[in-house]
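Please look over the model below before reading my notes.

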Amino acid sequence: MAPIKGKPFLDYLLRWLRAEGVQEVILCVGYKRSQIQRFVGKGRKWGLRVRYSVERELLGTGGAVKRAEKLIGGDRMLVINGDTFVDVNLGELTRFHCNSGALATLAVVKAADNCRYGSMHIDARGRITGFAEKDASDDDKAEGQKHAINAGVYVFEKKLLGCIRSGRCVSLEREIFPPLVKNRKAYGLLKETYFLDIGVPDDFVRAQTELPERLRASDPR
C-alpha cells in the first residue's frame, strides 16, 4: 500500500497484471490486511477476480504460497512479490518455463549492485546452476559490474507446493530454490530490463515519476 504518486503500489501491480492478460489473482495478506481488502475488494476495478489467502502469523515467502494452495486451480501458477516491479512479458516467461521442463522458473534481471540481493549463475540453456549470497567475495561485487538477480516473479508447477510443509515459516529463496537447483529443476529467464524494488529508498523515489508513466497505457479506468 506504499503510495506512488497518490496511488498504492498494489494498484500499479494489478494494472500491470491485467495488461499482461492475467484474469485471476490471489493476494496473500496478513498484517493490516483489512486495508488491502477494502482497497481491492473483489478486483472489479481492474477487471480481475481477486481472492484472499489470510496469514494469521508470518509464513515467509514459501509458507504464504503453500497456504494459498487450495485456492489455486490448474497445474501451474505465477507468483509475484508485492514490493517489486519488473517489466517482463509474462507470456514469454510462461512459455519458457513450459519448454524447459522446470518446476520453477524465475524472472532474472541484470543489476549493477548485488549487495542487497545476491546473484545467481545461469547456463546457456537458462538452467540456474548456483547462487552467490549477499556476502559474496569482493570480486563478485566489483563496482559497476552487472549481476543476474532474482526479480521476484516466478512460474511454479503446482506440484512444487508438495515440497513445502504447511503451517510453518518457509523461505523460497533459502529452503526451496537451492534443492531445485541441485536437482536441475530451476531455470531463469534472463533479461536486461526495467526493475524497481520499493524497499530501496532510491527506487522508491524513482517510482514516483517512472512507474505512473510506464504503466499509463495499461490503466483500465
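1. Basis. This is a predicted model: local features need pLDDT of at least 70, side-chain atom pairs count only at pLDDT 80 or more, and totals for chains, interfaces and linings use all residues. Residues are numbered from 1 along each chain as its sequence is written, and side-chain values use heavy atoms, without hydrogens or water.

2. Sheet. Four strands make an open, mixed sheet, ordered β5-β10-β7-β11. Strands are DSSP runs (E, at least two residues), numbered from the N terminus; two of them pair if DSSP finds at least two bridges between them. Neighbouring strands are turned by 30° on average, direction ignored.

3. β5 runs antiparallel to β10 (residues 147-157), over five bridges. R76 faces E157 of β10.

4. Helix. α5 (residues 172-182; helices are DSSP runs of H or I, at least four residues) packs on the sheet. α5 touches β7 (104-111), β10 and β11, contact being heavy atoms within 4.5 Å. The direction of α5 makes about 80° with that of β10. Axes are lines fitted to C-alpha atoms, for helices over the stretch in contact, and angles run from 0 to 180 degrees between N-to-C directions.

5. Cysteines. The whole structure has zero disulfides (cysteine sulfur pairs within 2.5 Å).

6. C98 is partly exposed at 40% relative accessible area; C163, at 53%, is exposed. Cut-offs: buried is under 20%, exposed over 50%, partly exposed in between (1.4 Å probe, protein chains only).
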